[in-house]
Number of protein chains: 2
Amino acid sequence: MEEKHLKYEEQYEEKYKAHWDKVYEDLSNELTDNFREEFLDMHPYDQSLFFIEQSKENRMRIYAYLSPDELAEIMINIELDNTPAYFKEMNPRLGAMVLSEMPADDAVDIFNEMDKEEVVSFLTIMDKEAAEEIKHLLHYEEKTAGSIMTTEFVAVYKSQTTEQAMQQLKEDAPDAETIYYLYVLDEDKRLVGVLSLRDLIVADEKTKLEEVMSEKIVAVSVAKDQEEIAQMFRDYDFLALPVVDFQNHLLGIITVDDILDVMEEEASEDFSKLAGISETDRPNDTALAAAKKRLPWLIILLFLGIFTASLIGQFEETLDQVAVLAIFIPLIAGMAGNTGTQALAVAVRGLSNGDYENQGKLRLVLREATTGLITGTVCGAVISVVIFFWKDDLFLGFIVGVSIMASLIVATLAGSLVPILMDRLKIDPAVASGPFITTINDIISILIYFGMATSFMSYLT
Amino acid sequence: MEEKHLKYEEQYEEKYKAHWDKVYEDLSNELTDNFREEFLDMHPYDQSLFFIEQSKENRMRIYAYLSPDELAEIMINIELDNTPAYFKEMNPRLGAMVLSEMPADDAVDIFNEMDKEEVVSFLTIMDKEAAEEIKHLLHYEEKTAGSIMTTEFVAVYKSQTTEQAMQQLKEDAPDAETIYYLYVLDEDKRLVGVLSLRDLIVADEKTKLEEVMSEKIVAVSVAKDQEEIAQMFRDYDFLALPVVDFQNHLLGIITVDDILDVMEEEASEDFSKLAGISETDRPNDTALAAAKKRLPWLIILLFLGIFTASLIGQFEETLDQVAVLAIFIPLIAGMAGNTGTQALAVAVRGLSNGDYENQGKLRLVLREATTGLITGTVCGAVISVVIFFWKDDLFLGFIVGVSIMASLIVATLAGSLVPILMDRLKIDPAVASGPFITTINDIISILIYFGMATSFMSYLT
């Protein structure tokens, strides 16, 4: 009875751990039947967690003890980057069988991680029908509806009755990704309606589907971008969305569980870009691996920094005469960098959310320029006053203040304009990442500052 | 037949626009019946899009033409920050009726946006039962399971047969948030199992639920953090998750559509922190509104920058003698800022994803220190060589190289340590945002640089 007083979650975790240990014991002692029974009782995601923690020896046992479709369930739940290694460990025939048993969209994701050669060899020894399906899906461009859709859906005809549809549902249920929506086709196999399982259950058994189906069906074209699709799921609270070709033939469906992954992927992409890190830079890499991923960026930025240094070098004479100017270099460059990053972040988030179309983008740039004018004027005024009282030098205050103002306007503009231009020119906007914008703004702001200082030199000395 | 050749999406958009215009005409001409028929034929999200685009005059018509539960559907789909304004426009009795008709979790979200006074007055005139439910939910802390769960779920008893369960489902369907999971309770109303609608459909009608239900049920405690819950949805592909108290009584369920919003919210939070912008900084704000949101941060950073300037000021004598030192200030500060942001981003993403527990955090900090050592050594070596050939000054190259190396180690360490410490000390980690870390690293790197330069002054002149 003691147990009853434990918090629900603690109870759950204790049971979970005990079960895990038991499965591990049975596997290590090669008690095949016990292992199978207890392992298969775990949620597929937990099975995958267990699997990746095992030694190679134990993994080989798992390959031997489980059937291809049981192994497929595990593989689906493993981080994609890690799967090819496991398929290399397996006997190629087993690997091909496992791939054949997966939903085609998941198999395609794994193929996308493999070398060309491996893909071809697996496709040759795989089950013919599954291979055809996968080859078909492999054609769709990455990050489009076609690449994330599944072809395992329930389709019915509008002339069927609800009773017939329910019968078909029972037959299709084991294979379909979702049975909560039934897609209704006309005699030309065009998508004409949708029926939720909810509607089906409450409808009279003899009704024709065309009478109960909803014709207010939202579908996406097979080439639509996955980020826009995620947005639709969020707005419309869909559990699944049909994918059609330009003639409105049903090609597949996208389910909400895949959208959760898309959202994570897209958010992580924006976040990584802003920080100038690789999306694969994970806390569990080794230091050397992490350094390797970050160094390319840092070296580029180092050389941009050397360029900045050589620019300042042009003003060495000015600096020699008025050394105090150097004091404000980090302040001006830093402020330009910070405002630029703010503007960049707002623009990137807006582009991701599809917050604006072409017309809206121009508006954003104009708005950012005005925002830069306001923040620049305020910050410029503040620093002028501070420097006047601190250094008792009205003119130095004026130079720094005006430089801050000009830098903030340009930096804000650059932060919003660069990603929008990249997007427009279809250049990979990864180039417009945070550190890059920051470095560009460093350079511009320093040019403004030293340009002004050199021009008004006579007032400063 | 021409139409058939249009792309599916274009066809859809044309129809959509025509329908929208028709609805607008009917509303403006006060054709109540036509308006009702066509408007209610739109998806609730589209209804909300239509609604927010209307003039106040037309909005008042909508309040008059629609029933409270029809209005509730619209209000649920509007951006939360905007809803209180609409409730102020409505007659308070109508507003109260609309709030009573909503799922309780959505009403709570809206109440969280209203002033205390408004909340109290609505709760007093609302339907008693709905008000009780809402008061109950309002007690749960924001961003926990309790605050995002709904209490409209389908619960059945383990002694019932599948036929009885199906019957109950048909009755509960109109109100329940999801009918795709049935939660099975024992005689003490504790959660003991779950049954998907899929299982129910394929099961024999006379079977007892306890024989077909799954006991492998995953539930979360009512106080669990919403970010961890989103992670569970992603990992386990749930459509809904039950929420229980510490005695395992079923309190509510969380559905995947709410999780999509949570994921967007959490991703936006991390992203905004990294850029030092407010989460409410949206592309459709006015320039003045945007400037107001960004200025507080910029002013803080300005004063931190002034502090940096005063630090460099301490080394004015050094600068006076060796003006060339100033050239490398932006390079060193910039590199420190960039590596710090990289480390920060990896740490923040790790903390968000729950990638590591306490032990893993120490490991991360150590790993970041080593990563900093590697990147610092490489960048330091590169810059030394470049400066040697460029300025023909071995010692200047040495000073800058060692400063870069030391700065990169410290900056990487700071980038990972600060957010982890904040998280540990339960301080709002918003303080550890990108610009803040960058500025701290500016200061540290400049101190290292000028400290070294001043110590080895005699070699430089």
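## Close-up views of cavities, sheets and annotated spans

**View 1. The largest cavity and its lining.** The largest cavity is lined by 31 residues, and those that lie nearest its centre are M263(A), A267(A), M263(B), A267(B) and S268(B). The elements giving two or more residues to this lining are helix 15 (226–236), helix 16 (256–275) and helix 19 (329–353) of chain A, together with helix 15 (226–236), helix 16 (256–275) and helix 19 (329–353) of chain B. The model is predicted, with local features needing pLDDT of at least 70 and side-chain atom pairs counting only at pLDDT 80 or more, while totals for chains, interfaces and linings use all residues; side-chain values use heavy atoms, with hydrogens and water left out. Residues are numbered from 1 along each chain as its sequence is written, and chains are lettered from A and ligands numbered from 1 in the order in which they are written. A cavity is a set of points, on a 1 Å grid over the protein atoms alone, where a 1.4 Å probe fits but cannot get out, and lining residues have an atom within 4 Å of a point. The volume of the largest cavity is about 600 Å³, a volume being the space filled by probe spheres set on the points, which are joined across faces, edges and corners. Its lining divides into ten nonpolar, eight polar and 13 charged residues (Ala, Val, Leu, Ile, Met, Phe, Trp, Tyr, Cys and Pro count as nonpolar, Asp, Glu, Lys and Arg as charged, and the others, Gly among them, as polar). Helices (H or I, at least four residues) and strands (E, at least two) are DSSP runs numbered from the N terminus.

**View 2. The second largest cavity.** By class, the lining has twelve nonpolar, 15 polar and two charged residues.

**View 3. The open sheet 4-5-6 of chain A.** Three strands in the order 4-5-6 form an open sheet with mixed pairing, two strands being paired if DSSP finds at least two bridges between them. Strand 4 (220–221) and strand 6 stand at the edges, each with a single partner strand, so one side of each is left without a neighbour in the sheet. Strand 5 (residues 240–244) of chain A pairs with strand 6 in the antiparallel sense over five bridges; L241(A) stands opposite I254(A), and A240(A) has T255(A) as its bridge partner. The two strands form a hairpin with five residues between them, and in the turn N248(A) has a positive phi of about 70°. Five of the six residues of strand 6 (residues 250–255) are buried, so this strand is largely enclosed by the rest of the structure (buried means under 20% relative accessible area, with a 1.4 Å probe and protein chains only).

**View 4. The open sheet 1-2-3 of chain B.** This open sheet has three strands in the order 1-2-3, with mixed pairing. Strand 2 (residues 181–185) and strand 3 of chain B pair in the antiparallel sense over five bridges, and Y181(B) has S196(B) as its bridge partner in strand 3.

Technical notes:
Buried < 20%, exposed > 50% of the residue type's maximum accessible area, 1.4 Å probe, protein only. 1 Å grid on protein atoms, 1.4 Å probe; cavity = no way out; pocket = protein on both sides within 12 Å on 5 of 7 lines; lining within 4 Å.
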